[in-house]
Structures are given as structure tokens and as C-alpha cells.
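Please read them with the sequence and the coordinates open.

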Amino acid sequence: MSQGIKKQTQSLKSFFKKKMLSIDEDKGEITITFDQKNIIESLRFLRDRPEFDFKQLIDLCGVDYQEYKIAAQDEKRFCVVCHLLSLSNNQRLRVKVFADDDEFPIFPTMTEVWPNADWYEREAFDLFGLMFVDHPDLRRLLTDYGFVGHPFRKDFPMIGKVEVRYDPTLKRVIYEPVSIDERNNVPRLIRDEGIHRG
Amino acid sequence: MKVFIVAEIKNYTMNFGPQHPAAHGVLRLVLEMDGEVIQRVDPHIGLLHRATEKLAENRTYLQSVPYMDRLDYVSMMMNEHAYVMTIEKLLQLKVPIRAQYIRVLFDEITRILNHLLWLGAHALDVGAMTVFLYAFREREDLFDCYEAVSGARMHAAYYRPGGVYRDLPSKMPQFQPSKKQSASEINKLNKNRSGSLLDFIEDFSKRFPTYVDEYETLLTDNRIWKQRTVGIGVVDPDRAVALGMTGPMLRGSGVEWDLRRKQPYETYSELDFKIPVGKEGDCYDRYLVRMEEMRESNKIIKQCIDWLRVNPGPVISNDNKVTPPSRSEMKEDMESMIHHFKLFTEGFHIPKGEAYAAVEHPKGEFGTYIISDGANKPYRLKIRAPGFPHLAAINEMTKGHMLSDLVAIIGTQDIVFGEIDR
């Protein structure tokens with residue numbers, strides 16, 4: 001397996017050369033980062049060329065790097081991470097693309113390369129507010145009808161912003177600002193010593 | 001001159017669920033119908049969305065283990081498995097071999113649990129009531145195994161980073177006499193519970209093949225069952241791959257792909273089992289694949305029991321930076337005391353990095369992707385639920401079918417909303 005990963009990394013390097021931003025190999029997983037330009041073309045190569053043959057999109061998710069202390073790439077905020085699987089070569093690949101604009105993150109849609117990107121992109125739009133250009137049907141997927149905001153962004157509070165209750169006088173369900181405080185018993189902590197080192 | 005007035009028939013929209021018994025929880029479908037033929041299906045999901053991924057960002061790694069149980073709530077331990085495997089990958093943590101066998105044993109018990117519920121619910125949706133009652137009889141025994149090993153019938157939180165919480169109990173809990181049941185009835189119930197948990201599971205694995213035969217007698221050659229499932233919801237292999245299908249949905253279409261064989265984790269490479277594959281890619285083939293999988297799981301269980309009987313050993317890593325020290329050590333040793341205190345107040349830290357690990361879940365590939373910034377909580381946790389792309393494909397699978405076939409297709413997809421909505 002590790003032999004195959006070295007070989008795969010080499011063939012990805014020699015094929016994409018300048019078209020990719022970076023490639024790295026860690027814990028038996030290859031991560032390749034692409035620029036926004038020509039991304040769809042590169043993904044097509046990944047899908048169609050027999051030495052890659054990534055026919056299956058396993059997962060696509062958004063990531064908000066806002067609070068990531070050592071920011072990944074030029075300190076850009078939003079990223080789309082795809083996990084690809086090649087059944088014929090028994091290989092996995094992680095593809096990352098960053099949005100150029102933090103205020104209005106735009107990505108090209110991947111639905112034309114892998115049809116199941118449809119719902120994954122709807123989810124990323126819903127939870128992170130990522131815009132996928134030319135997506136056939138970019139609606140919210142998981143949150144409530146009429147939901148405001150993008151809940152998985154790091155600046156969205158964990159307890160949310162509104163709560164619902166039934167108002168007996170108005171005889172309907174109403175939305176109000178949340179009345180509870182966020183509870184955090186274990187603070188988030190980054191340590192340099194006394195941690196497990198494999 | 002005669003004038004014929006032909007009524008203009010338009011498609012109409014129909015709402016299916018979320019309070020429909022065949023909707024398997026809280027599925028809402030907006031159907032566009034032409035008479036009784038489905039033109040378009042638009043699933044509205046998210047009614048069970050609990051933001052597990054967001055919650056996990058605010059909990060320590062260990063605190064999130066019980067949340068994993070509640071994702072796919074019919075195959076609890078498998079969800080934990082993917083999660084702890086990702087943590088172990090990030091930490092490069094070795095799991096003792098006995099713990100690996102226990103995990104495999106309970107993974108396969110979980111697979112049977114899941115397939116039994118799927119079988120019962122699928123048959124019930126299509127109109128066969130009896131199978132449901134049969135399937136739940138066996139599920140009860142398996143829940144007893146869960147309870148004996150973890151204390152909980154369903155949401156076990158048994159797998160921990162570095163191994164499993166504790167070794168298999170040497171005594172199976174027994175029924176106690178009560179006003180409702182006489183001593184002789186109790187004795188009868190306790191007959192296969194007199195030994196250890198392994199004895200109980202072995203007794204079950206001996207009985208189980210005949211139970212599968214019973215289900216097959218009820219369904220496999222049943223004319224009504226075949227009319228409702230043969231040729232329904234056909235997916236061809238290339239399309240199944242393109243749509244991101246995994247597990248029995250993919251194997252039903254004839255693609256031989258099983259992570260247990262292709263990318264073996266734990267001890268699957270040492271075990272002997274077959275991968276059943278379908279041919280036509282319809283509901284009936286997927287049914288046959290799952291039935292065969294239950295038999296294969298039973299074989300794996302037997303092999304695990306044989307191994308576990310003769311190979312005692314630790315069941316959790318002794319690296320106390322990640323796993324708690326034993327109670328007795330804690331009382332004697334200051335360092336163990338500190339480890340325990342730090343683990344349960346602050347939790348363990350994972351070095352900066354990211355990893356994805358997946359298991360062959362009963363429904364397909366269940367994986368978790370963790371990004372760590374070096375803290376005691378994940379920076380981002382993404383759960384790859386197998387049911388999500390399956391449900392996304394429902395529009396394609398049902399197009400041109402009758403309304404009643406929709407129910408069979410929902411059944412064959414083995415939809416559970418805990419994992420789809422997360």
C-alpha cells in the first residue's frame with residue numbers, strides 16, 4: 001500500500017506539474033491542492049485518465065479555516081475538501097480548493113464531473129454559505145425552511161441565534177432570540193508538551 | 001362536425017411524509033406525479049439535523065464517542081468504529097490484537113442487527129408482516145450481547161480510542177424470577193445464558209443460520225415479494241459508482257467492492273469470508289446480497305469466538321496519554337492519578353494534521369474526516385454517511401416507477417435518518 005502511494009504521488013506530480021498548488025503525503029493519504037482556475041479540467045483528468053481513475057466522489061465538505069491558528073494557504077478562509085476513490089486502482093485521494101474571496105466564497109460546481117456532488121454542494125452551501133457557480137439547484141438542504149445564516153461557520157454560535165416556541169395568544173409558533181447562554185465546561189486548549197507522540 | 005374535447009391532464013404534486021410509516025423516520029418527499037407514475041422526487045431532509053459535527057467541535061474527542069452512536073442508530077458500534085479509527089490514525093496509536101478481534105466480533109453483530117431491522121422494515125413496507133416479528137426476536141438476543149458488554153442495549157459507547165472499554169464479561173446476565181414468570185419458565189430462558197458472553201454468542205451463531213432460512217422461506221420464492229422487488233429500482237454498475245453508492249447498494253449492481261477485503265482494517269485480512277455480489281442491480285438482488293451478508297457475518301463471528309477463547313490479553317492500549325489507567329493503578333500511583341485527572345478534565349490532544357478513515361458499515365462506506373489544530377477538540381469533523389448519496393439518487397431510481405414502488409425503493413436503500421441528517 002505505501003509503495004502504491006509513493007508511486008501515485010509521483011505520477012500525480014509529473015502529470016499536474018504547475019497546474020496544482022501543492023501535494024503532500026501524510027499517514028498514507030495524499031492531499032492535492034488545486035487553484036480555482038482549471039479545477040474542473042483537472043478533476044476530469046483525475047476521473048478519466050486510467051492511471052488515476054477516480055470514478056467515485058466519496059465525500060465533499062466545506063471547511064472554515066477562520067480560527068485555524070496556523071492557516072493552511074495564504075490564510076484563506078473557506079475551503080472545499082473532496083475525498084475521491086478509485087475502485088480499479090484501490091486508491092484514495094483528497095482534493096482541496098480554496099476560495100479566493102472570504103466575504104463571498106465562490107467555487108465552480110463539480111456536479112458535471114461527479115453527479116453526486118449535487119447534494120454535497122447543497123449541504124456546503126447551507127452550512128457554510130459556499131456558492132457553487134452553475135449548480136443546477138442550489139437550495140438549502142439540512143436547515144429549517146426560512147433559516148437565516150450558515151450554522152457551521154466558526155463565527156456562528158453553537159447554541160444558534162433563535163429559538164422557537166408556541167405562543168398561545170397568537171396561536172402559532174414564533175421565533176425569538178435565544179434565551180440560554182453557551183455552556184463550555186472544557187476549554188479549547190493547544191498544548192506543546194505532555195501529549196501523545198505516536 | 002363533432003368536436004372532441006380532450007381533458008388536459010397536468011402533473012400534480014403530492015406530499016409523502018414526514019409522518020408516513022414507510023418514510024423510515026422523518027423523510028419528506030415532494031412527488032411530481034403523472035397519474036400514478038412518478039415523474040420527479042424531491043426529498044426534503046434535515047428534520048433530524050442535530051449538527052453533530054458542530055457539537056463535536058465543542059467537545060473533547062472522548063465526549064463525542066456517544067454522539068457517534070446516535071448517527072446511524074441501528075448500527076451503533078460501527079459508527080464509533082470509524083470515529084475511533086480516525087483518531088487512532090491521527091495519533092498513530094496501536095490497538096491490541098484482542099481489542100481488534102472484539103471490534104470485528106461486534107462489528108459483525110452490528111451488521112446482523114442492522115440487516116435484521118432493514119429486512120423487517122422492508123418486508124413490512126412491502127406488505128409482509130411476519131418477517132418483522134421474526135427479525136425482532138433475534139435482535140433481542142443481540143441487544144443482550146450489547147448490554148452484557150457495555151451496559152447499554154443500543155447506545156453503547158464501547159469502542160474507545162486505543163481499544164475497547166473493557167474485556168468481554170465472563171458471566172452472561174440472567175433473568176430473575178418474577179410474579180409474571182414461573183421458575184421453570186425462567187430456567188428455560190436462562191438455558192443459554194449459564195456461561196460467558198462468548199458462550200451465548202456461540203449459541204446464537206449456531207441458531208442463526210436456521211433463522212435466516214426461515215426468513216428466506218417467507219420471502220425468497222414468495223410470488224408477491226418478487227412482484228414487488230424484481231426489476232424495481234435498477235441501477236447499472238457504472239451509474240452506481242458515479243452516484244457514490246457503496247455497500248450493498250453497489251454490490252447489488254454487481255460491483256465487487258468491500259472495504260473489509262479491499263482495504264482491510266483491524267483483523268479482517270486474517271478472516272475467511274465471501275463477498276456476495278448481485279447481478280441485476282434491482283431491489284431483489286440487493287435483498288439477496290444482504291441476506292447472504294448476514295450468513296457471512298455469522299461465519300466471521302464464529303471465527304472471532306474461536307480466536308477470542310484461546311487468546312487472552314489487553315483490550316485497550318496502555319498509553320495513558322490517551323487511555324485511562326486502571327482503577328487499582330490510580331489508587332497506588334501518583335502519575336496514573338494525574339493521567340486520569342488530565343484525561344477526564346482536559347482530554348487528550350491530537351497533533352496538528354488531518355485524516356480520513358472509513359469502515360464497511362452495513363449500509364456502505366462510513367467514514368470520518370478529522371482536521372486537528374493540535375487542540376483537545378477537533379477543529380472540524382466531517383461524517384461521511386453512506387445513506388446520504390443513496391437518498392440523493394432516489395430521484396433517478398424512482399423515475400417512471402409507480403407510487404407503490406417508491407416504498408420498495410426507500411426500503412431497499414436502508415434509509416436511516418440519524419446518519420443522513422447528522
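1. Of the contacts in chain A with a separation of 6 or more, 50% are between residues 24 or more positions apart, where contact means heavy atoms within 4.5 Å. This is a predicted model, in which local features need pLDDT of at least 70 and side-chain atom pairs count only at pLDDT 80 or more, while totals for chains, interfaces and linings use all residues. Residues are numbered from 1 along each chain as its sequence is written, chains are lettered from A and ligands numbered from 1 in the order in which they are written, and side-chain values use heavy atoms, with hydrogens and water left out.

2. Chain A holds 3 helices and 9 strands, and from the N terminus on these elements follow the order α-β-β-α-β-β-β-β-α-β-β-β. Helices (H or I, at least four residues) and strands (E, at least two) are DSSP runs, numbered from the N terminus. The C-alpha trace of chain A spans about 70 × 50 × 30 Å along its principal axes.

3. Of the 198 residues in chain A, 47% are buried, where buried means under 20% relative accessible area, exposed over 50% and partly exposed in between (1.4 Å probe, protein chains only). The accessible surface of chain A comes to about 10,400 Å², and 51% of that surface belongs to carbon and sulfur atoms; the areas come from the Shrake-Rupley method with a 1.4 Å probe.

4. In helix α2 of chain A, which covers residues 39-48, the buried residues are Ile39(A), Ile40(A), Ser42(A), Leu43(A), Leu46(A) and Arg47(A). Seen down the axis of α2(A), these buried residues fall within an arc of 160°, so they line one face of the helix; the arc is that of the directions from the helix axis to the C-beta atoms.

5. The largest nonpolar core has 171 residues, of which Leu46(A), Ile45(B), Leu105(B), Phe106(B), Tyr158(B) and Leu168(B) touch the most other members. Helix α4 of chain B (residues 97-126) gives the most to this core, with 13 residues. Such a core is a set of buried Ala, Val, Leu, Ile, Met, Phe, Trp, Tyr and Cys residues joined through side-chain atoms within 4.5 Å. Setting aside residues up to four places away in sequence, Leu105(B) touches Leu168(B), Leu198(B), Ile201(B), Ile301(B), Cys304(B), Ile305(B) and Leu308(B).

6. Tyr67(B) has its place in helix α2 of chain B, residues 65-69, and is partly exposed, with a relative accessible area of 25%. Apart from neighbours within four places in sequence, Tyr67(B) is in contact with Thr52(B), Leu55(B) and Arg59(B).
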